[in-house]
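Reader: I'd like a close look at one part of this model. Please keep it brisk, and take me from there to its surroundings.

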Amino acid sequence: MKLSIERLILPATPRPARWHGPTFSVENVRFSYGSTPVLKGITIEGIAPGKITATIGPNAAGKTTFFKCIAGLLKPEGMIRLDGTDIRDYSREEITQRVSYLPQESPVNAVLTVFEAVLLARKHTLSWRVSDEDLRSVTQVLEDLDIEDLSIRFLNELSGGQKQMVSIAQSLVRDPDVLLMDEPTSSLDLQRQLEVLDLIAHVTSERGIVTLISLHDLNLAARYAAQFVVMDHGAVYASGDADAVLTPQMLRDVYGVNATVVTNPDSILQITPIGSIRSKKSRVAAVP
Ligand SMILES: Nc1ncnc2c1ncn2[C@@H]1O[C@H](COP(=O)(O)OP(=O)(O)O)[C@@H](O)[C@H]1O
Ligand SMILES: [Mg+2]
């Protein structure tokens, strides 16, 4: 059965009547692994809630490290403010409750079924009592993602793509204010990629949350994200909407790729790579 947004009724925590979503900003964030600086002063002024923000950039740009800082797993210098308060001033429990982080590589726990794993993600550390609402939420998110048939399968029996779907279920079932997804569609087939991003876009706007997704497929990002943060060598090269950010110049500077960027009939930018600047250089260099 195909995933359908219309039947999405994933229950969310009731928000105040005049809820405008969380405010979220990043100011001069720096982080080093040992003596190697990896984040070199990341500043992002106010990420609008309700829309997907794509964090893009080549391998080793620092995207995963940045997400880990936001999730409170690494302790950077600088400020990461959620509703005006620095992330470090929240308790571990508050961060776990408010910020949901889907890691690039999900740990696999062989002794859990899919249903148990998603339930555990919802309960995190708050309370061990399982309510009817918890069970309903787990059932619903598995249905929304069209993986209810996996409920009683063990995690270690699943394909890479199925595991990734379970990880997505785990991050959505927690009903966070900030959703961080690190390459959530990297193992999914084309149909699943579209369905999952449709669902995430829907959840983001319905709940008015801040959603940051790191994506390698720039055309997928152009289709689903309203805002972009381009990272390069641990710094922000550019941020803004697709027109401002997805330019041939950025693709040359950051990705080392010559590409055309055109607006397709659906008003979505379409990037077509023509060739790698680096490989062209090395080919030239290789000529005796
Ligand atoms: N645990 C770690 N220890 C030391 N260096 C790391 C660690 N994790 C990542 N790095 C380095 O930090 C840089 C940024 O990595 P990462 O944040 O994973 O980038 P991205 O997600 O953009 O590919 C890379 O040079 C990587 O080798
Ligand atoms: Mg990464």
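What is the strand order of the open sheet of six strands, and which kind of pairing does it have?

Author: A caution first: this is a predicted model. The six strands of that open sheet are ordered β6-β7-β8-β3-β9-β10. Their pairing is mixed.

Start at the edges. β6 (99-102) is one edge strand, and β10 (235-240) is the other. Each of the two pairs on one side only. Across the sheet, neighbouring strands are turned by 15° against each other on average, with direction ignored.

β6 and strand β7 (residues 178-182) run parallel. Four bridges join them.

Helix α9 (residues 248-255) lies across β9 (227-232) and β10. The helix runs at about 160° to β10.

Two packed helices are described by the angle between their axes and the distance between the axes.

The crossing of α3 past α5 is right-handed. From α3, the contact uses Val114, Ala117, Val118, Ala121 and Arg122. From α5, the contact uses Val166, Ala169, Gln170 and Val173. By class, the residues of this contact of α3 with α5 are seven nonpolar, one polar and one charged.

Now α3 and α4. Helix α3 covers residues 114-123. The axes of α3 and α4 come within 10 Å, and they cross at roughly 125°. The two helices are therefore oblique to each other. Here too, α3 makes a right-handed crossing, this time past α4. Phe115, Val118, Leu119, Arg122 and Lys123 are the α3 residues in this contact. They meet Asp134, Ser137, Val138, Val141 and Leu142 in α4. The contact of α3 with α4 has six nonpolar residues, one polar and three charged.

The last pair is α4 and α5. Helix α4 spans residues 132-144, and helix α5 spans residues 160-173. They pack at an angle of about 135°, with their axes 10 Å apart. α4 and α5 are therefore oblique to each other. α4 passes α5 in a right-handed crossing. On the α4 side, Ser137, Val138, Val141 and Leu142 take part. On the α5 side, the residues are Ala169, Leu172 and Val173. The contact of α4 with α5 counts six nonpolar residues and one polar, with no charged residues.

Four strands form an open sheet in the order β2-β1-β4-β5. The pairing is antiparallel. β2 (36-44) and β5 (85-86) stand at its edges. Each has a single partner strand, so one side of each is left without a neighbour in the sheet.

Look at β1 in that sheet. β1 and β2 run antiparallel, joined by six bridges. Two residues lie between the strands of their hairpin. There, glycine 34 takes a positive phi near 60°. Strand β1 (residues 24-33) also pairs with strand β4 (residues 77-82), in the antiparallel sense and over five bridges. Serine 25 has arginine 81 as its bridge partner in β4.

Helix α1 lies across β1, β2 and β4. It runs at about 65° to β2.

Helix α1 (residues 63-70) gives three residues to the shell around ligand 1, the largest share. The surrounding residues are Tyr33, Val38, Gly57, Asn59, Ala60, Ala61, Gly62, Lys63, Thr64 and Thr65. By class, this shell has four nonpolar, five polar and one charged residues.

Methods
Residues numbered from 1 in each chain as written. Chains lettered and ligands numbered in written order. Predicted model: local features only at pLDDT ≥ 70, side-chain atom pairs only at ≥ 80, totals over all residues. Near = placed C-beta within 6 Å. Nonpolar A, V, L, I, M, F, W, Y, C, P; charged D, E, K, R; others polar. Axes fitted to C-alpha atoms, helices over the stretch in contact; angles between N-to-C directions. Parallel < 35°, antiparallel > 145°, perpendicular 65-115°, else oblique. Left-handed = near helix turned anticlockwise from the far one by under 90°. Contact = placed C-beta atoms within 7 Å. Pairing = 2+ DSSP bridges.
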